[in-house]
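I opened the model to see how the chain is folded. These are my notes, in the order in which I looked things up.

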Amino acid sequence: MLVAYRPSHADATYDFKYGVRSVEGGGRSSARETIGRVAGGAIAKKILKLHSGTEVLAYVSQVHKVVLTKEINNELLTLDQIESNLVRCPDLEYAQKMIAVIDAIRVKGDSVGGVVTCIVRNAPRGLGSPVFDKLEAELAKAALSLPASKGFEIGSGFGGTFLTGSEHNDEFYTDEHGRVRTRTNRSGGIQGGISNGETIEMRIGFKPTPTISLMAQHAQCQLFPINPEFQEPSSRKLETTAAY
(Lines give C-alpha, C1' and ligand atoms only; values in the text may rest on other atoms or scores of the structure.)
Protein backbone atom coordinates (compact mmCIF):
# COMPACT_ATOMS: atom_id res chain seq x y z
CA MET A 1 0.00 0.00 0.00
CA LEU A 2 3.00 2.26 0.42
CA VAL A 3 4.19 1.63 -3.12
CA ALA A 4 0.97 1.38 -5.14
CA TYR A 5 -2.64 2.44 -5.29
CA ARG A 6 -4.86 -0.57 -4.73
CA PRO A 7 -7.25 -1.12 -7.68
CA SER A 8 -10.86 -0.06 -7.02
CA HIS A 9 -10.01 1.23 -3.54
CA ALA A 10 -10.21 4.85 -2.40
CA ASP A 11 -6.44 5.21 -2.06
CA ALA A 12 -6.04 7.17 -5.28
CA THR A 13 -9.08 9.44 -4.93
CA TYR A 14 -8.26 10.29 -1.31
CA ASP A 15 -4.73 11.15 -2.42
CA PHE A 16 -6.03 13.26 -5.32
CA LYS A 17 -8.42 15.21 -3.11
CA TYR A 18 -6.65 15.46 0.25
CA GLY A 19 -3.03 14.72 -0.54
CA VAL A 20 -2.97 11.93 2.04
CA ARG A 21 -4.23 8.39 2.27
CA SER A 22 -4.40 5.75 4.96
CA VAL A 23 -1.88 3.04 4.20
CA GLU A 24 -2.88 1.04 7.28
CA GLY A 25 -6.16 -0.19 5.84
CA GLY A 26 -8.24 2.38 4.02
CA GLY A 27 -9.16 4.67 6.90
CA ARG A 28 -12.54 6.34 6.44
CA SER A 29 -13.12 4.46 3.20
CA SER A 30 -12.91 1.11 4.98
CA ALA A 31 -16.11 -0.85 5.56
CA ARG A 32 -15.10 -0.88 9.21
CA GLU A 33 -16.55 2.62 9.48
CA THR A 34 -20.04 1.11 9.28
CA ILE A 35 -19.77 -0.18 12.86
CA GLY A 36 -21.32 3.07 14.07
CA ARG A 37 -24.22 2.70 11.65
CA VAL A 38 -24.82 -0.86 12.81
CA ALA A 39 -24.99 0.24 16.44
CA GLY A 40 -27.20 3.23 15.68
CA GLY A 41 -29.40 1.21 13.36
CA ALA A 42 -30.01 -1.46 16.00
CA ILE A 43 -31.29 1.19 18.40
CA ALA A 44 -33.34 2.93 15.69
CA LYS A 45 -35.05 -0.35 14.77
CA LYS A 46 -36.18 -0.85 18.36
CA ILE A 47 -37.52 2.71 18.56
CA LEU A 48 -39.42 2.35 15.28
CA LYS A 49 -40.95 -0.94 16.41
CA LEU A 50 -42.10 0.56 19.71
CA HIS A 51 -43.29 3.86 18.23
CA SER A 52 -45.19 2.72 15.15
CA GLY A 53 -44.79 -1.04 14.81
CA THR A 54 -42.39 -0.48 11.91
CA GLU A 55 -40.10 -3.41 11.07
CA VAL A 56 -36.94 -3.25 8.98
CA LEU A 57 -35.53 -6.48 7.54
CA ALA A 58 -32.80 -7.15 5.00
CA TYR A 59 -31.57 -10.32 3.31
CA VAL A 60 -29.20 -11.43 0.56
CA SER A 61 -31.07 -12.02 -2.69
CA GLN A 62 -28.11 -12.49 -5.02
CA VAL A 63 -24.50 -13.62 -4.82
CA HIS A 64 -22.55 -13.38 -8.07
CA LYS A 65 -24.70 -15.21 -10.64
CA VAL A 66 -26.89 -17.00 -8.11
CA VAL A 67 -30.13 -15.01 -8.03
CA LEU A 68 -32.94 -15.80 -5.60
CA THR A 69 -35.79 -16.36 -8.03
CA LYS A 70 -38.24 -17.89 -5.56
CA GLU A 71 -40.87 -15.41 -4.46
CA ILE A 72 -40.38 -14.34 -0.86
CA ASN A 73 -43.49 -13.28 1.04
CA ASN A 74 -42.22 -10.04 2.53
CA GLU A 75 -45.31 -9.76 4.73
CA LEU A 76 -44.57 -13.07 6.49
CA LEU A 77 -40.77 -13.04 6.39
CA THR A 78 -39.10 -13.37 9.80
CA LEU A 79 -35.66 -12.49 11.13
CA ASP A 80 -35.18 -16.12 12.17
CA GLN A 81 -35.55 -17.20 8.53
CA ILE A 82 -32.92 -14.69 7.46
CA GLU A 83 -30.48 -15.56 10.25
CA SER A 84 -30.79 -19.32 9.69
CA ASN A 85 -27.65 -19.50 7.52
CA LEU A 86 -24.28 -17.85 6.90
CA VAL A 87 -25.31 -15.77 3.90
CA ARG A 88 -28.60 -14.60 5.43
CA CYS A 89 -30.73 -15.75 2.53
CA PRO A 90 -34.26 -16.73 3.67
CA ASP A 91 -34.40 -19.68 1.26
CA LEU A 92 -32.11 -22.52 2.41
CA GLU A 93 -31.81 -24.06 -1.06
CA TYR A 94 -30.50 -20.85 -2.55
CA ALA A 95 -28.41 -20.15 0.54
CA GLN A 96 -26.46 -23.35 -0.09
CA LYS A 97 -25.91 -22.37 -3.73
CA MET A 98 -24.64 -18.96 -2.66
CA ILE A 99 -22.27 -20.46 -0.11
CA ALA A 100 -20.92 -22.87 -2.73
CA VAL A 101 -20.23 -20.01 -5.16
CA ILE A 102 -18.48 -17.95 -2.48
CA ASP A 103 -16.28 -20.88 -1.46
CA ALA A 104 -15.39 -21.71 -5.07
CA ILE A 105 -14.24 -18.14 -5.69
CA ARG A 106 -12.68 -17.69 -2.24
CA VAL A 107 -10.24 -20.58 -2.60
CA LYS A 108 -8.94 -18.92 -5.77
CA GLY A 109 -8.16 -15.78 -3.80
CA ASP A 110 -10.90 -13.84 -5.55
CA SER A 111 -14.20 -12.26 -4.50
CA VAL A 112 -17.78 -11.77 -5.65
CA GLY A 113 -20.50 -9.17 -5.21
CA GLY A 114 -24.21 -9.42 -4.67
CA VAL A 115 -27.54 -7.79 -3.90
CA VAL A 116 -29.23 -7.09 -0.58
CA THR A 117 -33.00 -6.70 -0.47
CA CYS A 118 -34.35 -4.47 2.29
CA ILE A 119 -38.00 -4.17 3.32
CA VAL A 120 -39.76 -1.81 5.71
CA ARG A 121 -43.10 -3.08 7.00
CA ASN A 122 -45.75 -0.89 8.60
CA ALA A 123 -44.00 2.29 7.54
CA PRO A 124 -46.14 5.31 8.47
CA ARG A 125 -47.85 7.10 5.62
CA GLY A 126 -46.62 10.55 4.71
CA LEU A 127 -42.87 10.11 5.14
CA GLY A 128 -40.87 12.17 2.64
CA SER A 129 -41.77 15.25 0.64
CA PRO A 130 -41.88 16.29 -3.03
CA VAL A 131 -38.89 17.27 -5.14
CA PHE A 132 -35.63 17.45 -3.14
CA ASP A 133 -36.52 15.40 -0.06
CA LYS A 134 -38.31 12.48 -1.67
CA LEU A 135 -38.22 9.43 0.56
CA GLU A 136 -36.66 7.19 -2.10
CA ALA A 137 -33.96 9.81 -2.68
CA GLU A 138 -33.13 9.87 1.03
CA LEU A 139 -33.04 6.06 1.15
CA ALA A 140 -30.85 5.92 -1.95
CA LYS A 141 -28.42 8.42 -0.46
CA ALA A 142 -28.15 6.36 2.73
CA ALA A 143 -27.76 3.06 0.88
CA LEU A 144 -25.24 4.35 -1.64
CA SER A 145 -23.12 5.86 1.12
CA LEU A 146 -22.29 2.31 2.22
CA PRO A 147 -18.85 1.14 1.08
CA ALA A 148 -18.91 -1.01 -2.09
CA SER A 149 -22.53 -0.13 -2.96
CA LYS A 150 -22.98 0.44 -6.69
CA GLY A 151 -26.68 0.29 -7.42
CA PHE A 152 -30.08 1.08 -5.90
CA GLU A 153 -33.58 0.05 -6.92
CA ILE A 154 -36.94 0.60 -5.29
CA GLY A 155 -40.15 -1.22 -6.13
CA SER A 156 -40.03 -2.49 -9.70
CA GLY A 157 -36.72 -0.72 -10.20
CA PHE A 158 -35.14 -1.02 -13.62
CA GLY A 159 -37.44 -3.96 -14.34
CA GLY A 160 -40.32 -1.51 -14.47
CA THR A 161 -38.92 -0.05 -17.68
CA PHE A 162 -40.03 -3.20 -19.51
CA LEU A 163 -43.69 -2.66 -18.54
CA THR A 164 -46.40 -0.43 -19.94
CA GLY A 165 -48.20 2.09 -17.77
CA SER A 166 -51.27 -0.12 -17.48
CA GLU A 167 -49.09 -3.05 -16.42
CA HIS A 168 -47.11 -1.05 -13.89
CA ASN A 169 -49.88 0.94 -12.19
CA ASP A 170 -50.79 -0.09 -8.63
CA GLU A 171 -54.59 -0.22 -8.41
CA PHE A 172 -56.20 1.19 -5.26
CA TYR A 173 -58.85 -0.55 -3.17
CA THR A 174 -60.35 -0.31 0.32
CA ASP A 175 -59.54 -3.21 2.64
CA GLU A 176 -61.76 -4.75 5.32
CA HIS A 177 -60.56 -2.17 7.84
CA GLY A 178 -61.50 0.76 5.63
CA ARG A 179 -57.90 1.57 4.72
CA VAL A 180 -56.95 2.61 1.21
CA ARG A 181 -54.42 0.07 -0.09
CA THR A 182 -52.87 -0.98 -3.40
CA ARG A 183 -53.41 -4.43 -4.90
CA THR A 184 -49.83 -4.55 -6.16
CA ASN A 185 -46.70 -2.83 -4.93
CA ARG A 186 -44.60 -2.00 -7.97
CA SER A 187 -44.12 1.48 -6.52
CA GLY A 188 -42.24 -0.09 -3.62
CA GLY A 189 -44.33 1.65 -0.97
CA ILE A 190 -43.50 5.16 -2.18
CA GLN A 191 -45.40 7.36 -4.64
CA GLY A 192 -44.52 10.94 -5.46
CA GLY A 193 -41.65 10.74 -3.00
CA ILE A 194 -44.03 10.03 -0.09
CA SER A 195 -44.69 6.71 1.67
CA ASN A 196 -48.17 5.31 0.99
CA GLY A 197 -48.36 2.78 3.83
CA GLU A 198 -47.44 -0.27 1.77
CA THR A 199 -44.25 -2.21 2.44
CA ILE A 200 -41.19 -0.30 1.26
CA GLU A 201 -39.06 -2.59 -0.89
CA MET A 202 -35.56 -1.73 -2.10
CA ARG A 203 -32.48 -3.50 -3.41
CA ILE A 204 -28.85 -2.45 -3.09
CA GLY A 205 -26.11 -3.87 -5.30
CA PHE A 206 -22.59 -4.34 -3.96
CA LYS A 207 -19.48 -4.78 -6.07
CA PRO A 208 -17.00 -7.63 -5.45
CA THR A 209 -14.70 -6.93 -2.52
CA PRO A 210 -11.63 -5.23 -4.06
CA THR A 211 -9.23 -6.56 -1.40
CA ILE A 212 -8.25 -9.94 -2.81
CA SER A 213 -5.26 -12.27 -2.64
CA LEU A 214 -4.57 -11.58 -6.30
CA MET A 215 -3.96 -7.93 -5.44
CA ALA A 216 -0.19 -8.01 -5.82
CA GLN A 217 -0.55 -9.19 -9.41
CA HIS A 218 -2.90 -6.36 -10.38
CA ALA A 219 -1.95 -3.32 -8.27
CA GLN A 220 -0.24 -1.19 -10.88
CA CYS A 221 -0.14 2.58 -11.18
CA GLN A 222 2.11 4.86 -13.21
CA LEU A 223 2.55 7.22 -10.28
CA PHE A 224 3.36 4.44 -7.83
CA PRO A 225 4.82 1.48 -9.76
CA ILE A 226 4.91 -1.92 -8.13
CA ASN A 227 8.07 -2.84 -6.27
CA PRO A 228 9.09 -6.32 -7.52
CA GLU A 229 10.36 -7.20 -4.05
CA PHE A 230 6.79 -7.18 -2.80
CA GLN A 231 5.54 -9.56 -5.50
CA GLU A 232 4.63 -13.12 -4.64
CA PRO A 233 5.86 -15.85 -7.02
CA SER A 234 2.99 -16.92 -9.27
CA SER A 235 3.51 -20.52 -8.16
CA ARG A 236 2.92 -19.66 -4.51
CA LYS A 237 -0.40 -20.86 -3.14
CA LEU A 238 -2.79 -17.96 -2.71
CA GLU A 239 -4.04 -17.24 0.78
CA THR A 240 -7.79 -17.33 1.19
CA THR A 241 -9.77 -14.20 1.92
CA ALA A 242 -13.41 -13.47 2.61
CA ALA A 243 -15.22 -13.45 -0.73
CA TYR A 244 -18.24 -11.45 0.26
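**Ground rules.** This is a predicted model, in which local features need pLDDT of at least 70 and side-chain atom pairs count only at pLDDT 80 or more, while totals for chains, interfaces and linings use all residues. Residues are numbered from 1 along each chain as its sequence is written, and side-chain values use heavy atoms, with hydrogens and water left out.

**Whole chain.** I found 7 helices and 9 strands in the protein chain. Helices (H or I, at least four residues) and strands (E, at least two) are DSSP runs, numbered from the N terminus. I then looked up burial: 34% of the 244 residues count as buried, meaning under 20% relative accessible area with a 1.4 Å probe, protein chains only. For contacts (heavy atoms within 4.5 Å), I took those with a separation of 6 or more, and 65% of them join residues 24 or more positions apart.

**The sheet.** In which order do the strands of the open sheet lie? I read S2-S1-S3-S9-S4, 5 strands with antiparallel pairing. Strands S2 (66–67) and S4 (149–154) are at the edges with a single partner strand each, so one side of each has no neighbour in the sheet. Two strands pair if DSSP finds at least two bridges between them. Strand S1 (residues 55–63) is joined to strand S3 (residues 114–121) by 8 bridges. Along this pair, Val60 is opposite Val116, and Val63 has Gly114 as its bridge partner in S3. Val63 also has a bridge partner in S2, Val66. S1 and S2 pair over 2 bridges in the antiparallel sense, and they form a hairpin with 2 residues between them. In that turn, I noted a positive phi of about 55° for His64.

**Helices.** Just after H2, Gly53 has a positive phi of about 70°. Next I looked at helix H5 (residues 135–144), which lies across S4 and strand S9 (200–206) and runs at about 155° to S4. Axes are lines fitted to C-alpha atoms, for helices over the stretch in contact, and angles run from 0 to 180 degrees between N-to-C directions.

**Cores.** A nonpolar core is a set of buried Ala, Val, Leu, Ile, Met, Phe, Trp, Tyr and Cys residues joined through side-chain atoms within 4.5 Å. The largest has 19 residues, and among those touching the most other members are Tyr59, Val63, Leu68 and Met98. Its largest share, 6 residues, comes from H4. A second, separate core has 14 residues, including Cys118, Val120, Ala143 and Ile190. I also listed the neighbours of Leu68: among them are Tyr59, Cys89, Tyr94 and Met98, leaving out residues up to four places away in sequence.

**Glu198.** Is Glu198 buried or exposed? Glu198 is buried, with a relative accessible area of 7%. Glu198 is in the loop between strand S8 (194–195) and S9. The Glu198 side chain reaches the backbone nitrogen of Thr182 at 3.0 Å. Leaving out residues up to four places away in sequence, Glu198 touches Val120, Arg181, Thr182, Asn185 and Gly189.

Note on methods:
Buried < 20%, exposed > 50% of the residue type's maximum accessible area, 1.4 Å probe, protein only. Polar contact = N/O pair within 3.5 Å; in protein donor to acceptor, adjacent residues only side chain to side chain.
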